[in-house]
Amino acid sequence: MKHIISILLENEAGALSRVAGLFSARGYNIESLTVAPTDDASLSRMTLVTRGTEDIVEQICKQLNKLVDVVKLVDLTGDTYVERELMLIKVHAEDQVRDEVKRLVDIFHGQIIDVTDTSYTLEVTGDSEKIDALLQALTKITILEVVRSGRLGIARGEKAFC
(Lines give C-alpha, C1' and ligand atoms only; values in the text may rest on other atoms or scores of the structure.)
Protein backbone atom coordinates (compact mmCIF):
# COMPACT_ATOMS: atom_id res chain seq x y z
CA MET A 1 0.00 0.00 0.00
CA LYS A 2 1.19 3.54 -0.81
CA HIS A 3 1.94 5.79 2.16
CA ILE A 4 2.56 9.53 2.14
CA ILE A 5 4.72 10.49 5.12
CA SER A 6 5.09 14.14 6.00
CA ILE A 7 8.13 15.05 8.09
CA LEU A 8 9.05 18.32 9.76
CA LEU A 9 12.81 18.38 10.27
CA GLU A 10 15.58 20.77 11.14
CA ASN A 11 16.84 22.69 8.12
CA GLU A 12 20.46 21.61 8.45
CA ALA A 13 23.08 20.09 6.20
CA GLY A 14 22.90 16.31 6.23
CA ALA A 15 19.30 15.97 7.45
CA LEU A 16 18.05 14.72 4.07
CA SER A 17 21.02 12.37 3.83
CA ARG A 18 20.22 10.81 7.22
CA VAL A 19 16.59 10.16 6.21
CA ALA A 20 17.59 8.65 2.86
CA GLY A 21 20.31 6.63 4.59
CA LEU A 22 17.77 5.14 6.98
CA PHE A 23 15.74 3.88 4.03
CA SER A 24 18.68 2.47 2.09
CA ALA A 25 20.22 0.79 5.14
CA ARG A 26 16.99 -1.12 5.76
CA GLY A 27 16.26 -1.90 2.11
CA TYR A 28 13.15 0.31 1.89
CA ASN A 29 12.34 2.14 -1.33
CA ILE A 30 11.44 5.83 -1.63
CA GLU A 31 9.05 6.36 -4.57
CA SER A 32 9.18 10.14 -4.39
CA LEU A 33 10.73 12.73 -2.13
CA THR A 34 10.23 16.49 -1.95
CA VAL A 35 11.86 18.86 0.53
CA ALA A 36 11.66 22.63 0.98
CA PRO A 37 12.03 25.15 3.80
CA THR A 38 8.87 26.13 5.67
CA ASP A 39 7.80 29.62 6.75
CA ASP A 40 10.21 29.04 9.67
CA ALA A 41 13.68 29.13 8.09
CA SER A 42 15.05 26.71 10.71
CA LEU A 43 12.65 23.94 9.58
CA SER A 44 12.07 22.03 6.35
CA ARG A 45 9.05 19.99 5.32
CA MET A 46 9.72 16.68 3.64
CA THR A 47 7.05 14.68 1.87
CA LEU A 48 8.07 11.11 1.26
CA VAL A 49 6.12 8.42 -0.60
CA THR A 50 6.84 4.76 0.03
CA ARG A 51 5.04 1.45 -0.28
CA GLY A 52 4.70 -1.28 2.30
CA THR A 53 2.46 -3.05 4.73
CA GLU A 54 1.12 -1.26 7.81
CA ASP A 55 3.78 -3.01 9.92
CA ILE A 56 6.64 -1.98 7.65
CA VAL A 57 5.52 1.65 7.45
CA GLU A 58 4.98 1.76 11.22
CA GLN A 59 8.56 0.51 11.65
CA ILE A 60 9.82 3.15 9.17
CA CYS A 61 8.02 5.90 11.12
CA LYS A 62 9.46 4.69 14.44
CA GLN A 63 12.97 4.69 12.97
CA LEU A 64 12.47 8.16 11.45
CA ASN A 65 11.25 9.53 14.78
CA LYS A 66 14.54 8.41 16.36
CA LEU A 67 16.56 10.65 14.04
CA VAL A 68 17.75 13.76 15.87
CA ASP A 69 16.77 16.06 12.98
CA VAL A 70 13.12 14.97 12.92
CA VAL A 71 10.83 17.36 14.82
CA LYS A 72 7.49 15.81 13.86
CA LEU A 73 6.21 13.09 11.57
CA VAL A 74 2.79 12.01 10.33
CA ASP A 75 1.63 9.29 7.93
CA LEU A 76 -1.10 11.10 6.00
CA THR A 77 -2.44 7.88 4.52
CA GLY A 78 -4.72 7.18 7.50
CA ASP A 79 -6.36 10.62 7.31
CA THR A 80 -8.12 12.54 4.57
CA TYR A 81 -5.60 14.61 2.68
CA VAL A 82 -5.07 16.58 -0.51
CA GLU A 83 -2.37 15.35 -2.85
CA ARG A 84 -0.76 17.17 -5.78
CA GLU A 85 2.11 16.65 -8.16
CA LEU A 86 3.70 18.95 -10.73
CA MET A 87 4.85 17.75 -14.12
CA LEU A 88 6.77 19.63 -16.80
CA ILE A 89 6.73 17.85 -20.14
CA LYS A 90 8.36 18.85 -23.41
CA VAL A 91 6.76 17.49 -26.58
CA HIS A 92 7.57 17.67 -30.26
CA ALA A 93 4.82 19.87 -31.73
CA GLU A 94 4.63 20.86 -35.37
CA ASP A 95 1.74 21.44 -37.76
CA GLN A 96 -1.55 19.71 -36.78
CA VAL A 97 0.06 18.14 -33.69
CA ARG A 98 0.16 21.62 -32.14
CA ASP A 99 -3.66 21.80 -32.09
CA GLU A 100 -3.94 18.32 -30.58
CA VAL A 101 -1.47 19.22 -27.81
CA LYS A 102 -3.36 22.47 -27.08
CA ARG A 103 -6.61 20.52 -26.86
CA LEU A 104 -5.12 18.01 -24.39
CA VAL A 105 -3.59 20.78 -22.29
CA ASP A 106 -7.04 22.41 -22.03
CA ILE A 107 -8.72 19.12 -21.11
CA PHE A 108 -6.18 18.51 -18.33
CA HIS A 109 -6.27 22.15 -17.14
CA GLY A 110 -2.57 22.63 -17.83
CA GLN A 111 -0.58 25.42 -19.37
CA ILE A 112 1.82 25.76 -22.25
CA ILE A 113 4.76 27.55 -20.63
CA ASP A 114 7.28 27.56 -23.49
CA VAL A 115 6.83 27.56 -27.25
CA THR A 116 9.35 27.05 -30.05
CA ASP A 117 8.84 26.32 -33.75
CA THR A 118 9.04 22.59 -33.07
CA SER A 119 8.12 22.05 -29.42
CA TYR A 120 5.85 22.94 -26.51
CA THR A 121 6.71 22.71 -22.84
CA LEU A 122 3.66 21.95 -20.73
CA GLU A 123 2.95 22.41 -17.04
CA VAL A 124 0.31 20.27 -15.36
CA THR A 125 -0.58 19.88 -11.69
CA GLY A 126 -2.93 17.40 -10.09
CA ASP A 127 -3.04 14.06 -8.38
CA SER A 128 -0.78 11.35 -9.71
CA GLU A 129 -3.62 9.65 -11.57
CA LYS A 130 -4.28 12.84 -13.56
CA ILE A 131 -0.59 13.19 -14.39
CA ASP A 132 -0.44 9.55 -15.52
CA ALA A 133 -3.60 10.01 -17.59
CA LEU A 134 -2.06 12.95 -19.48
CA LEU A 135 1.05 10.92 -20.23
CA GLN A 136 -1.19 8.14 -21.55
CA ALA A 137 -3.13 10.64 -23.71
CA LEU A 138 0.15 11.87 -25.20
CA THR A 139 1.33 8.43 -26.37
CA LYS A 140 0.84 9.32 -30.06
CA ILE A 141 2.91 12.49 -29.65
CA THR A 142 6.70 12.45 -29.39
CA ILE A 143 7.65 13.20 -25.79
CA LEU A 144 11.07 14.79 -25.58
CA GLU A 145 11.44 15.12 -21.81
CA VAL A 146 9.43 14.63 -18.61
CA VAL A 147 10.13 16.06 -15.15
CA ARG A 148 7.85 15.17 -12.20
CA SER A 149 8.03 16.71 -8.76
CA GLY A 150 6.75 13.75 -6.80
CA ARG A 151 3.71 13.88 -4.58
CA LEU A 152 3.01 16.56 -2.02
CA GLY A 153 0.34 16.03 0.59
CA ILE A 154 -1.43 18.04 3.26
CA ALA A 155 -4.23 17.11 5.66
CA ARG A 156 -7.69 18.39 4.78
CA GLY A 157 -9.58 20.93 6.85
CA GLU A 158 -8.26 22.82 9.83
CA LYS A 159 -5.94 20.07 11.00
CA ALA A 160 -2.42 21.54 10.88
CA PHE A 161 0.92 19.78 10.99
CA CYS A 162 2.95 22.30 12.97
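With which residue does Arg18 form a salt bridge, and how far apart are the closest N and O atoms? I put this question to a predicted model, and my entries follow.

**Entry 1: Arg18 and its partner**

I found that Arg18 forms a salt bridge with Asp69, with 2.4 Å between the closest N and O atoms. I then placed the two residues: Arg18 belongs to helix H1, whereas Asp69 sits in the loop between H2 and strand S4 (70-75), so the pair ties together parts that are 51 residues apart in sequence. I also looked up accessibility for both partners. Arg18 has a relative accessible area of 36% and is partly exposed. Asp69, at 4%, is buried, because buried means under 20% relative accessible area.

**Entry 2: Packing of H1 and H2**

Since Arg18 lies in H1, I turned to the packing of that helix. H1 (residues 15-25) packs with H2 (residues 54-66) at an angle of about 140 degrees, and I noted 11 Å between the axes. That angle makes H1 oblique to H2. The crossing in which H1 passes H2 is right-handed. On the H1 side I recorded Val19, Leu22 and Phe23 in the contact; on the H2 side, Ile60, Gln63 and Leu64. Sorting the residues of this contact by type, I noted 5 nonpolar, 1 polar and no charged.

**Entry 3: Further salt bridges**

How many salt bridges does the structure hold? I noted 9 salt bridges in the structure, among them the Arg18 pair with Asp69.

I next examined Arg51 and Glu31, whose side chains meet in a salt bridge at 2.5 Å, N to O. This pair links distant parts of the chain, 20 residues apart: Arg51 is in strand S3 (residues 43-51), and Glu31 is in the loop between H1 and strand S2 (32-37). Arg51 counts as partly exposed at 49% relative accessibility. Glu31 is partly exposed, with a relative accessible area of 38%.

I then looked up Arg148 and Asp132, whose side chains meet in a salt bridge at 2.9 Å, N to O. Arg148 is in strand S8 (residues 143-148) and Asp132 in helix H4 (residues 128-137), so this pair ties together parts that are 16 residues apart in sequence. For Arg148 the relative accessible area is 32%, which is partly exposed; Asp132 counts as partly exposed at 40% relative accessibility.

I also recorded a network of salt bridges that links Lys2, Glu83 and Arg151.

**Entry 4: Val97**

Which residues does Val97 touch, not counting those up to four places away in sequence? I found His92 and Ile141. Val97 lies in helix H3 (residues 96-107). Its relative accessible area is 30%, and Val97 is therefore partly exposed. I also checked Val97 against Thr142: the two are 45 residues apart along the chain, and their C-alpha atoms are separated by 9.7 Å.

**Entry 5: The chain as a whole**

The protein chain has 4 helices and 9 strands, and from the N terminus on I read the elements as β-α-β-β-α-β-β-α-β-β-α-β-β. Along the principal axes, the C-alpha atoms fill a box of roughly 55 × 35 × 35 Å. Of the 162 residues, 38% count as buried, including Asp69. Among contacts between residues at least 6 apart in sequence, 73% join residues at least 24 apart.

Terms used: Residues are numbered from 1 along each chain as its sequence is written. This is a predicted model: local features need pLDDT of at least 70, side-chain atom pairs count only at pLDDT 80 or more; totals for chains, interfaces and linings use all residues. Side-chain values use heavy atoms; hydrogens and water are left out. Axes are lines fitted to C-alpha atoms, for helices over the stretch in contact, and angles run from 0 to 180 degrees between N-to-C directions. Angles under 35 degrees count as roughly parallel, over 145 as roughly antiparallel, 65 to 115 as roughly perpendicular and the rest as oblique. A crossing is left-handed if the near helix is turned anticlockwise from the far one by less than a right angle, and right-handed if clockwise. Contact means heavy atoms within 4.5 Å. Ala, Val, Leu, Ile, Met, Phe, Trp, Tyr, Cys and Pro count as nonpolar, Asp, Glu, Lys and Arg as charged, and the others, Gly among them, as polar. A salt bridge is a side-chain nitrogen of Lys or Arg within 4 Å of a carboxyl oxygen of Asp or Glu. Buried means under 20% relative accessible area, exposed over 50%, partly exposed in between (1.4 Å probe, protein chains only).
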